[in-house]
Amino acid sequence: MAPRTLLIPSLLDDWFPLLQHAFASEVWEPVLLTEDDPQLANLGLRYLHNELCYPVFLIAGQVLSALRSGRYDPARCGVLFGQAGDECRGSCGIRLLRRVLDQQGYRQVETLSLNVRGIDRSTGLPITPAMVRRALAAAVWGDTLAILRNQTRPYEAVPGTAEALWRQWVEVLGGDLRENRNLSRRAILDRCREMAAAFRAVERVSRTVQKVAIVGEIYTKYCHLGNWDLERYLAAEPCEVGVGGITWYALYYMDTHSLRGPAPLRAVYRALAGYLAGIQREMLAILDQAGYHALPSLPELKRQAEGYAPLRLTVADGWLITAEAAAWTHLGYRKILCVQPFACLPGHIFGKGQYAALQRKLPGARLVSVDYDASTGPGTVESRVRMLLDEELEETP
């Protein structure tokens, strides 16, 4: 039989075009959902309590919109939902979505949990070594491409060149992942060198731009639905945008979450984290040699965060938010947007709760917190972003 359709709601804009291939199998054919109507959140709000976090409404609205479009057969569909096991939607989101689907007559649509914590065992997507291998390559390549594009785009002589080159490489690397080619450690890094050389060859002009970093909750940080196309807005200003890659998030998660549980499982995660950290260090060396910059490797990032972030704080994005903000400041990104979804209680307490103390410790930088929610107008959000962009910062000695 032909594979069934695995619907993947938006989350990692710069990575899912590659990561989707990790989930392909004889059973499932991944499809990235692209519905981005402004009313998606309102659609989700019809069936969920309004005190839940903004991303839950968007995900539910996007899934319902896709199923109602007639493009997919609900009897042969599944929905992939990442479950990190955090004290938020990361541990209950899939059950909330299941209830919505059942209420709307989509009981036949399977919900699959993508997690490594052993939660939702009855709905877990089976994770195979081949899947992990493709996912690691996709994460490293996705990080490399995002960094290269973001640091090339502000200076390109011909507008759109960096974005077009990004799309070309997504096609090339997607073919590698589909065919299980170039997935050894050496081949993954060789591809990184080829990408760096291609972006380095883009014609540039001298241009004065602002450097702005984005830190915060994973959905509003990486997803255009969650942050209302924030990266494109900043790029048009023009700004050089700094966003931490998904390998940093994965290694943070392994450091703070996955290295718990039975000893055999901890050993597997330690081995996987060591392998990914090694590739990340080599990826950073390749970028540095090509004249690009990025956050330091996760172990170094954590070391640098001492004194800035409470390293025992591991709820949700925990100390990673503060660590990234401090590291971006040291790299010259003195304007930092801290993005959170409204009604994300862990995010407001353990994320936003760090901002005031961090601002005092980074006197040469300016942090502005931005909340996204269905009840918030675009003018409110844009005014906060503009407040940061229009502020003249004093030069540090």
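Good morning. The structure holds five aromatic pairs, where rings of Phe, Tyr and Trp (its six-membered ring) pair if their centres lie within 6.5 Å. Please note that this is a predicted model, in which local features need pLDDT of at least 70 and side-chain atom pairs count only at pLDDT 80 or more, while totals for chains, interfaces and linings use all residues. Residues are numbered from 1 along each chain as its sequence is written, and side-chain values use heavy atoms, with hydrogens and water left out.

How is a pair of aromatic rings described? One states the distance of the centres and the angle of the planes. Planes under 30 degrees apart count as stacked, over 60 as edge-to-face and the rest as tilted. Tyr 249 and Tyr 252 form a tilted pair, with 6.2 Å from centre to centre and 50 degrees between the planes. These two tyrosines are three residues apart in helix H11 (residues 246–258), and therefore about one helical turn separates them. Helices here are DSSP runs of H or I with at least four residues, numbered from the N terminus.

Tyr 252 also pairs with Trp 319: the ring centres are 5.2 Å apart and the planes stand at 80 degrees, so this pair is edge-to-face. Because Tyr 252 lies in H11 and Trp 319 in helix H14 (residues 318–330), the pair ties together parts that are 67 residues apart in sequence. Tyr 249, Tyr 252 and Trp 319 form one aromatic cluster.

Are Tyr 249 and Tyr 252 buried or exposed? Both are buried, a term for under 20% relative accessible area, with exposed meaning over 50% and partly exposed in between (1.4 Å probe, protein chains only). Trp 319 is buried as well, with a relative accessible area of 0%.

I turn now to a pair of helices. The axes of H5 (residues 129–152) and H6 (residues 161–178) come within 10 Å and cross at roughly 170 degrees. Axes are lines fitted to C-alpha atoms, for helices over the stretch in contact, and angles run from 0 to 180 degrees between N-to-C directions. H5 and H6 are therefore roughly antiparallel to each other, the term for angles over 145 degrees. Their contact (heavy atoms within 4.5 Å) includes Arg 149 of H5 and Trp 166 of H6.

Arg 149 lies over the face of Trp 166, at 5.3 Å from the ring centre. A charge sits over a ring if NZ of Lys or CZ of Arg is within 6 Å of the ring centre and within 35 degrees of the ring normal. Thank you.

Conventions
Parallel < 35°, antiparallel > 145°, perpendicular 65-115°, else oblique.
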